[in-house]
Amino acid sequence: MVMVFYGSNGKSNPVSMENKVEHQTENQITYDIHLSSDLGMLYKVRLGLQSLENNKSQLSLRHFKIQNTSTLDTFSLTINKTLPFSPNGDRWIEFPIQWPLKEALSVVTYHLTVFSRNILNERNLLHMTACMYGTHGDTGDRSLLQSLQNVQQGEKNESFLVIMDAVDLGELEKIVLLIGSKTDCKLEIKKLHVQEAAKRHPIYVFEVNEEFSVNANKPKIQREIPGSFVIRGEQQKNDIDNNLNKEGSQVKKLTEYTIKVYTGDKRGAGTDANVHIILFGNEDKSEVFQLTHSLDHQNPFERGKVDTFKIKTKNLGNLRSIEIGHDGKGFASGWFLEKVEITDAARNSLHCFNCNRSVDQSIITLYMLFSF
């Protein structure tokens, strides 16, 4: 069993329930948990099974109680649920923490619809998870192919529904997909729709439009999908549907940018802070992208390393400048940035932005050095 704690200052790494306290009664286990950093005011807990070794791997939860040993603030909740919920179902449960005089977030049932082309025929060989991120945190990795509902399969198009419960995420910002396979295969994902089960709107749309090739050289693929647009009413949905059937649709195809970030090779050059970037073109600017999941290294922005990120956003025109910075969190957050190279897939062009200095402030602006 593992837990992830979320607070106003961030979230913990998965905490394995190993440090049992000696005094425990039947059907009750007490653990001492020491978090590596101050998370601030805790507002939710994600609890689950790290793996299912066999079909008998289950966890029956009756009651949960947590106490801050410094302040003695205490929260308790009756759960009465068993994980996983079905033979191959979700292994995680989330619940908000409600402290005295503090309003708690609510638990929301989310409907995530996957529009694809050939996933359903390959699903027994695939492993796919999605982690949804919002202004109130994330869901952690949740399986997309365990318990499918509303399956619709045609010759070239298919869709299926995934249901997950999570503490209210707020405004959705991005989805991180992780795709793995037991054998070589290709699968195409067109888009993802997310909405609350109890509401018709808003519908968060994440355009993907990408074919993924999984093979021995690339057994796992991770992709960060930013939000494309939000449908906030029935009329807007009808307008979008009509535009999709017309040439010159207002819902434009997204452009993919490959971002290579070069960290300097000198003492103290790396950072553990959260790095973000904004791209500026002669036609538009992108939203803020968090550079979290490097395609090269598990821990990005280490000394002398190059980290690659792929993002998709609206067509920005010719790139002119970028803003890049970090939140200053973590030990020794100062960062020596050598340069950033960005490849525009639509124009097959490479843009270089030199820096060669420490990034100790929240954000800096870099202008294009050369392009070809």
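Student: Why is Cys 352 called buried?

Tutor: Buried means under 20% relative accessible area, exposed means over 50%, and partly exposed lies in between (1.4 Å probe, protein chains only). Cys 352 has a relative accessible area of 2%, so Cys 352 is buried.

Student: What should I know about the model before we go on?

Tutor: This is a predicted model, in which local features need pLDDT of at least 70, side-chain atom pairs count only at pLDDT 80 or more, and totals for chains, interfaces and linings use all residues. Residues are numbered from 1 along each chain as its sequence is written, and side-chain values use heavy atoms, with hydrogens and water left out.

Student: What makes Cys 355 buried?

Tutor: The relative accessible area of Cys 355 is 9%, which means buried.

Student: How many disulfides does a search of the whole structure find?

Tutor: The search finds 0. A disulfide is a pair of cysteine sulfur atoms within 2.5 Å.

Student: Why is Asn 315 called partly exposed?

Tutor: Asn 315 has 31% relative accessibility, so Asn 315 counts as partly exposed.

Student: Where is Asn 315, and which residues is it in contact with?

Tutor: Asn 315 sits in the loop between β22 (306-313) and β23 (319-326). Strands are DSSP runs of E with at least two residues; helices are runs of H or I with at least four; both are numbered from the N terminus. Contact means heavy atoms within 4.5 Å. Leaving aside neighbours within four places in sequence, Asn 315 is in contact with Thr 255, Glu 283, Asp 284 and Arg 347.

Student: What makes the link between the side chains of Asn 315 and Arg 347 a polar contact?

Tutor: A polar contact is a pair of N or O atoms within 3.5 Å; within protein, one must be able to donate a hydrogen and the other to accept it, and residues adjacent in sequence count only if both atoms are side-chain atoms. The two side chains are joined at 3.2 Å, so the distance meets the cut-off. The side chain of Asn 315 also reaches the backbone nitrogen of Gly 317, at 3.1 Å.

Student: Is Arg 223 buried or exposed?

Tutor: Arg 223 has a relative accessible area of 11%, so Arg 223 is buried. Arg 223 is in strand β17. Its side chain makes a polar contact of 2.8 Å with the side chain of Glu 210.

Student: What makes Ser 349 buried?

Tutor: The relative accessible area of Ser 349 is 11%, so Ser 349 is buried. Ser 349 belongs to strand β25 (residues 349-359). The side chains of Ser 349 and His 351 make a polar contact at 3.1 Å.

Student: Why does Leu 49 count as buried?

Tutor: Leu 49 has 9% relative accessibility, so Leu 49 counts as buried. Leu 49 is in the loop between β4 (42-48) and β5 (59-67). Leu 49 and Val 2 are 47 residues apart along the chain, with their C-alpha atoms separated by 6.2 Å.

Student: How many aromatic pairs are there?

Tutor: The count is 4 aromatic pairs. Phe 301 and Phe 309 form one that is stacked, at 5.7 Å centre to centre and 25° between the planes.

Student: Why is the pair of Phe 301 and Phe 309 called stacked?

Tutor: Rings of Phe, Tyr and Trp (its six-membered ring) pair if their centres lie within 6.5 Å; planes under 30 degrees apart count as stacked, over 60 as edge-to-face and the rest as tilted. For Phe 301 and Phe 309 the values are 5.7 Å and 25°, so the pair is stacked. Both residues are buried. Ring pairs link Phe 301, Phe 309 and Trp 335 into a cluster.

Student: How do you know that Lys 266 lies over the face of Phe 336?

Tutor: A charge sits over a ring if NZ of Lys or CZ of Arg is within 6 Å of the ring centre and within 35 degrees of the ring normal. Lys 266 is at 4.1 Å from the ring centre of Phe 336. Lys 191 lies over the face of Phe 115, at 5.0 Å from the ring centre.

Student: What makes a nonpolar core, and which residues touch the most other members of the largest one?

Tutor: A nonpolar core is a set of buried Ala, Val, Leu, Ile, Met, Phe, Trp, Tyr and Cys residues joined through side-chain atoms within 4.5 Å. The largest has 33 residues, and Leu 112, Leu 187 and Ile 189 touch the most other members. Apart from it lies another core of 24 residues, including Val 261 and Phe 353.
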